[in-house]
Amino acid sequence: MAEAENVRKKKPVRSPVLAASLLCWMSVILAVGCGDGTTTATDTTRLVPSTALLATVDFLPWDPDTARLPDDSAHAEQIRFGLRLMLETPTLAAEYVGNSLTCGNCHLNAGQRENALPLVGVASLFPLYRGRDGRMVSLEDRIRGCFLRSMNGSAPPYDSPELLALSAYIAWLGDGLPAGESPAWRGQNRIPVEARLPIEELDADLGEALFIQRCTMCHGEDGQGVDLGIAMAGPLWGANSWNDGAGASRIYTFAGFIRHAMPLTSPGVLTDEEAQHIAAYVNSHERPVFPNKESDYPGIDRPIDAVYDPQVFERNPFIRKE
Ligand code: HEC
Ligand code: HEC
């Protein structure tokens, strides 16, 4: 389903030697052990800092080539495949992907980057209750949800090699971290409630001006992504982007991502307000429709920032006359 020319072609430039030495070097500064696999939930050597350079876009602190893998070779192989799936999702899981995004487009450095929806140490928090589903969800359910919405695709079966590998990789990212404890770096991609502007005060035109200033050099004026050689951003709108039932289609959720994770080489330069105007602009565009939105949030209030949800807004308030 994914169009070959839109699939990002990131060159594998990771150097295991460089990775290992950088990890050890950071360990010295932070006075934690090097290479023994015992860490705490505040050990930042587990994540690429959000201020890292374009050159570190492929850097993995927890890399199957250098970090401890399980002795069971089938399990180790699942972890390796899971990492590749994070980075080459439309190619390796084509059956379940309906756009040209990779998991790693949003979960930067394959889920190992600070302030960019990191997945390190989150697996052991599942199952957890989610209001959108109205029930306890397992890690596998959560990943299936990402395929349905963020990847605009279909849910891989519970026993599919793809789902087993992704959950093995994400679980392995928490190796050595205390189980059941929410790590300090989780949930940082947020706009605090008191900084949220009412939806009617957001200005998609202002967002467009900011987008041109801050984003088009890498994302293109058409939002479809510019090939930077070392990395390629995914489409921000249109047929190859996330669908309108995804978390990224909600204004505050999406603003929280860009506020802390983007621009890639200088995250943090946007204010909370600017991030929200840009989110309104990005989500002023047409994108694939998630058909079952009305079954979300059973029995509870629907989020007020779900601008594509016809039960919240009769019509997306930011959609412009084309
Ligand atoms: C369009 C961006 C986007 C893409 C692509 C994407 N995700 Fe996510 N993902 C999110 C957002 C946003 C959240 C929610 C964070 C929150 O709830 O605060 C999330 C949450 C998650 C969580 C739960 C994390 C936690 O701490 O509870 C997991 C696991 C996850 N994604 C896995 C995946 C996998 C695997 C893929 C690829 C199949 C994927 N995601 C693709 C944006 C994306
Ligand atoms: C220096 C280049 C650069 C700039 C500037 C930049 N981005 Fe990105 N962006 C990227 C790259 C590269 C990725 C994919 C990262 C990866 O896969 O490792 C990305 C990923 C994203 C994603 C995840 C979903 C997707 O489609 O890839 C969003 C959303 C995003 N950027 C929004 C923005 C916004 C909004 C701005 C402006 C405020 C911005 N970016 C500025 C390079 C950039």
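1. Leaving aside residues up to four places away in sequence, G207 touches H277, I278, A280 and Y281. The structure is a predicted model, and these contacts should be read as features of that model. G207 itself belongs to helix α8, which spans residues 204-214.

2. The C-alpha atom of G207 is separated by 7.8 Å from that of Q276, although the two residues are 69 residues apart along the chain. G207 counts as buried because 23 other C-beta atoms lie within 10 Å, where 20 or more are required for that class.

3. As to the overall architecture, the protein has eleven helices and two strands, and from the N terminus on the elements run α-α-α-α-α-β-β-α-α-α-α-α-α. Of the 322 residues in the protein, 44% are buried. Among contacts with a separation of 6 or more, 69% are accounted for by residues 24 or more positions apart.

4. The shell around ligand 1 contains 25 residues, of which C103, C106, C146, S150 and G247 come nearest. By class, the residues of this shell divide into 16 nonpolar, seven polar and two charged.

5. Where do the residues of the shell around ligand 1 come from? At least two residues each are supplied by α4 (103-106), α6 (139-148), α7 and α10 (251-261), and the largest share, four residues, comes from α6. In terms of domains, ligand 1 lies between domain 1 (4-172) and domain 2 (193-295), because both give residues to the shell around it.

6. Helix α7 (residues 161-172), one of the helices that supply the shell around ligand 1, also packs against helix α2 (residues 73-87), at an angle of about 95° and with the axes of the two helices 7 Å apart. Because angles of 65 to 115 degrees count as roughly perpendicular, α2 is described as roughly perpendicular to α7.

7. Which residues form the contact of α2 with α7? On the α2 side they are H75, Q78, I79, F81, G82, L83, L85 and M86, and these meet E162, L164, A165, L166, A168, Y169 and W172 in α7. The residues of this contact divide into eleven nonpolar, three polar and one charged.

Terms used:
Residues are numbered from 1 along each chain as its sequence is written. Chains are lettered from A and ligands numbered from 1 in the order in which they are written. This is a predicted model: local features need pLDDT of at least 70, side-chain atom pairs count only at pLDDT 80 or more; totals for chains, interfaces and linings use all residues. Axes are lines fitted to C-alpha atoms, for helices over the stretch in contact, and angles run from 0 to 180 degrees between N-to-C directions. Angles under 35 degrees count as roughly parallel, over 145 as roughly antiparallel, 65 to 115 as roughly perpendicular and the rest as oblique. Two residues are in contact if their C-beta atoms, placed from the backbone, lie within 7 Å. Ala, Val, Leu, Ile, Met, Phe, Trp, Tyr, Cys and Pro count as nonpolar, Asp, Glu, Lys and Arg as charged, and the others, Gly among them, as polar. A residue is buried if 20 or more other C-beta atoms lie within 10 Å of its own, exposed if 12 or fewer, and partly exposed in between; C-beta atoms are placed from the backbone. A residue is near a molecule or strand if its C-beta atom, placed from the backbone, lies within 6 Å of it. Domain bounds come from an automatic or database domain assignment.
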